[in-house]
Amino acid sequence: VGKSRKMEIAQARQVSMYLCRDIMGTSLNNIGMFFGGRDHTTVMHALKTVREKKTTDIRMEKMITLIRKELGFSFL
């Protein structure tokens with residue numbers, strides 16, 4: 001939720017934004033507000049980045065699948 005730009009933290013934040021949108025269908029504005037008052041375009045960028053990484057990085061795909069499974073949303 002913080003302002004850190006460290007790659008590991010930023011990537012975790014982007015994946016969290018992606019899952020909020022994907023699982024709960026939360027609006028871009030609400031996701032941005034929850035993640036420290038970010039603009040909806042920042043959320044759009046995060047979603048696009050994660051979608052692209054999922055198609056090119058098998059590790060990212062596996063990580064998201066594992067998180068969804070642990071949250072109990074593997075069926076969606």
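Arg5 sits in the segment before α1. In this predicted model, Arg5 counts as exposed because its relative accessible area is 79%, and the cut-off for exposed is over 50%. Now pick out Gly72, which comes 67 residues away from Arg5 along the chain. How far apart are the C-alpha atoms of Arg5 and Gly72? They are separated by 29 Å.

Step into helix α1 and you'll find Gln14. Is Gln14 buried or exposed? With a relative accessible area of 17%, Gln14 falls under the 20% cut-off, so Gln14 is buried. Leaving out residues up to four places away in sequence, Gln14 touches His45, Ala46, Thr49 and Val50.

Here are the two residues side by side.

| Residue | Where | Relative accessible area |
|---|---|---|
| Arg5 | segment before α1 | 79% |
| Gln14 | helix α1 | 17% |

Now for the whole fold. Starting at the N terminus, the order of elements reads α-α-α-α.

What about the inside? The largest nonpolar core is made of 15 residues. Val15, Met17, Tyr18, Leu19, Ile31, Val43 and Ile64 are the ones with the most contacts inside this core. The elements giving two or more residues to the core are α1 (7–24), α2 (28–34), α3 (40–56) and α4 (58–71). Which helix gives the most? That's α1, with 6 residues.

Zoom out once more. A compact globule of 76 residues would have a radius of gyration near 11 Å, and the protein chain has 12 Å, so the two agree. Its C-alpha atoms fill a box of roughly 30 × 25 × 20 Å along the principal axes. Of the 76 residues, 32% count as buried. If you take contacts between residues at least 6 apart in sequence, 56% of them join residues at least 24 apart.

Finally, the surface and the charges. The accessible surface of the protein chain is about 5,300 Å², and carbon and sulfur atoms account for 59% of that. The chain carries 14 positive and 7 negative side chains. How far apart are the centres of those two sets? They lie 3 Å apart.

Methods
Residues numbered from 1 in each chain as written. Predicted model: local features only at pLDDT ≥ 70, side-chain atom pairs only at ≥ 80, totals over all residues. Heavy atoms only, no water. Helix = DSSP H or I, 4+ residues; strand = E, 2+ residues; numbered from the N terminus. Rg over C-alpha atoms; globule rule 2.2 N^0.38 Å. Buried < 20%, exposed > 50% of the residue type's maximum accessible area, 1.4 Å probe, protein only. Contact = heavy atoms within 4.5 Å. Areas by Shrake-Rupley, 256 points an atom, 1.4 Å probe, with all protein chains shown as cover. Lys, Arg positive; Asp, Glu negative; His and termini not counted. Charge placed at Lys NZ, Arg CZ, Asp CG, Glu CD. Core = buried A, V, L, I, M, F, W, Y, C linked by side-chain atoms within 4.5 Å.
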